[in-house]
Amino acid sequence: MSTSNLSTVDSSDRLRVPERAQCVPSQVLHLRHLPADVSEEEVLALALPFGRVSKLITLKHKNQAFVEMASEEAAVTMVNYYTSTMPTVRNHPIFIQYSTHRELKTDNLTNQRAQVALQTIGVAAVHSGNMASGGEGWGFSSSPVLRIIVENLFYPVTLEVLQQIFNKFGSVLKIITFTRNSQFQALLQFSDAVHAQHAKAALDGQNIYNGCCTLRINFSKLSTLNVKYNNDKSRDYTRADLPTGEPEPAATFGVALPQYGAAAFPSTFHQHTGMSVAAVPGSLVSPPRVSLQVAPPAGHSVLLVSNLNPESVSPHCLFILFGVYGDVQRVKILFNKQENALIQMSDATQAQLAMSHLNGQRLHGNMIRVTLSKHPVVQLPRGGAGQEEQALTRDFSGSALHRFKKPGSKNFNNIFPPSATLHLSNIPLSIGEEVLKDLFSSGGFTVKAFKFFHHFL
């Protein structure tokens, strides 16, 4: 088939074929209303996230192009997606539909140049394992392994959550989670590189929960993952016989994953706009970005904290520490077992958040364990309780130090894992740097660096 044959079928504005024929699946797709100076790379950017492109014909004088996908399945996936999401090139809407042609012939000089561009991109993808055009974020990789970073980690993200989300795009074989540079990250291996491509195109830049837990996805240089243990940090879904391994202490500034499973997270993931989960965000869709909406974790708001140092811990100490991740209502150190404490947060979401960040961290020399308690509330001491027992229970419900009581507070966007750097606020104008450094030094701590943000003064 030559371009002269194509021109007898297509006009510059409307495809002159029966409407029913436009709905018959074909590996060949017809793109209309393209910019007059559209490049082959821009056309390929629309198609490559859905699979390999076999052939390409551009009809620039008609603002059209034909793309032949390597499989009909890839073509169907592409059309289904662009049926609900308008494709654009340079913010200019275009139209994509099935072609009546079953294959493309590329026998003239113009089309041969398009094939050269296609081959060049394919070779680059094989050699580099990645591909980009103009920094727009579209890409192709032969690796089935994705590297995932979760930004703005407001809710816990578990292996089960990742598996449920990514399994919609293909068979997930292995997942490894870890913390690096105070960020929750994961490596996830699909059974096929095409599934990894589809998942990256669909999920990169989306939020797991509304307004938070943003996915940043890149292709990994690894071709396979070596999973040694099946536990809450790693999983090989092809090897049920792997040992669980001994729980490892959390890194000094790391995030320890909570000890709960998929039951805390509903298996239903849906788009806030009603679109299917397979929507492709990022550079392939015009703003605003569509967010992946998942219901927040459900459950009780009371935490059980164990392995505390009884000689050093106090209700006020626990209030300040857990108050970084939510508004603490009550704290009760158990009178007969003072290495344990119950902490009641404002809601279940804040309890999950505090648990995911503080479980496995060190406090007064002890590695504390934070789990959900069976108690729905923390009871205050009865009238007959002794003075010592009463001192171990505090009600902070009216505290002026609550950080999250104002709806929409910016503090919700400033939640991070424990680290060696602290942010101080509400500093009186009369207090200088030396006074603050002396304050921390007097507690036995070494201040390595200090910086005032003068533009906030």
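Is F166 buried or exposed? I looked this up first: F166 is buried, with a relative accessible area of 0%. I took buried as under 20% relative accessible area, exposed as over 50% and partly exposed as in between, with a 1.4 Å probe and protein chains only.

**Entry 1. Basis and confidence**

I noted that this is a predicted model, in which local features need pLDDT of at least 70, side-chain atom pairs count only at pLDDT 80 or more, and totals for chains, interfaces and linings use all residues. Residues are numbered from 1 along each chain as its sequence is written, and side-chain values use heavy atoms, with hydrogens and water left out.

I read the mean pLDDT of the chain as 75, with 73% of its residues at 70 or more; pLDDT is the predictor's confidence in each residue, from 0 to 100. Over residues 1–21 the pLDDT is below 50, and this stretch has 44 contacts in the model beyond near neighbours in sequence. A contact means heavy atoms within 4.5 Å. I found a further stretch with pLDDT under 50 at residues 123–140, for which the model has 30 contacts beyond four places in sequence.

**Entry 2. The open sheet**

I traced an open sheet of four strands in the order β2-β3-β1-β6, with antiparallel pairing. Helices (H or I, at least four residues) and strands (E, at least two) are DSSP runs, numbered from the N terminus, and two strands pair if DSSP finds at least two bridges between them. The edge strands are β2 (53–59) and β6 (95–98), each of which pairs on one side only. From one strand to the next, the twist averages 20 degrees. Axes are lines fitted to C-alpha atoms, for helices over the stretch in contact, and angles run from 0 to 180 degrees between N-to-C directions.

I then followed the individual pairings. Strand β1 (residues 28–32) and strand β3 (residues 64–69) run antiparallel and are joined by four bridges; H30 stands opposite F66 in β3. Helix α2 (residues 40–47) packs on the sheet and touches β1, β2 and β3, and its direction makes about 135 degrees with that of β2.

β2 and β3 pair in the antiparallel sense over six bridges, with K55 opposite E68 in β3. Their hairpin has four residues between the strands, and N63 takes a positive phi near 55 degrees there. β2 is mostly covered, with five of its seven residues buried.

**Entry 3. Helix α5 and the cores**

Why is helix α5 largely enclosed by the rest of the structure? I found that seven of the eight residues of α5 (residues 159–166) are buried, so the helix is largely enclosed. These are L159, V161, L162, Q163, Q164, I165 and F166.

The largest nonpolar core has 57 residues, of which F166, L318 and F322 touch the most other members. A nonpolar core is a set of buried Ala, Val, Leu, Ile, Met, Phe, Trp, Tyr and Cys residues joined through side-chain atoms within 4.5 Å. I listed what F322 touches, not counting residues up to four places away in sequence: L303, V305, V328, I343, M345, A354, L358 and V370. A second, separate core of 25 residues includes L34, V43, Y82 and V89.

**Entry 4. Aromatic pairs**

I counted three aromatic pairs. Rings of Phe, Tyr and Trp (its six-membered ring) pair if their centres lie within 6.5 Å; planes under 30 degrees apart count as stacked, over 60 as edge-to-face and the rest as tilted. F166 and F190 form a tilted pair, 6.4 Å centre to centre with 55 degrees between the planes. F166 lies in helix α5 and F190 in strand β9 (residues 183–190), so the pair ties together parts that are 24 residues apart in sequence. F190 is buried, with a relative accessible area of 1%.

F450 and F452 form an edge-to-face pair, 5.3 Å centre to centre with 80 degrees between the planes. F450 is partly exposed, with a relative accessible area of 25%.

**Entry 5. Strand β11**

Six of the eight residues of strand β11 (residues 212–219) are buried, so β11 is largely enclosed by the rest of the structure. I found β11 paired with strand β7 (residues 145–151) in the antiparallel sense over six bridges, with V150 opposite L215. Strand β10 (residues 207–209) and β11 also pair in the antiparallel sense, over two bridges, and Y209 stands opposite C212.

**Entry 6. K337**

Where is the place of K337? I located K337 in the loop between β16 (328–333) and β17 (341–345). K337 is partly exposed, with a relative accessible area of 45%. K337 and P310 are 27 residues apart in sequence and 8.8 Å apart in space, C-alpha to C-alpha.
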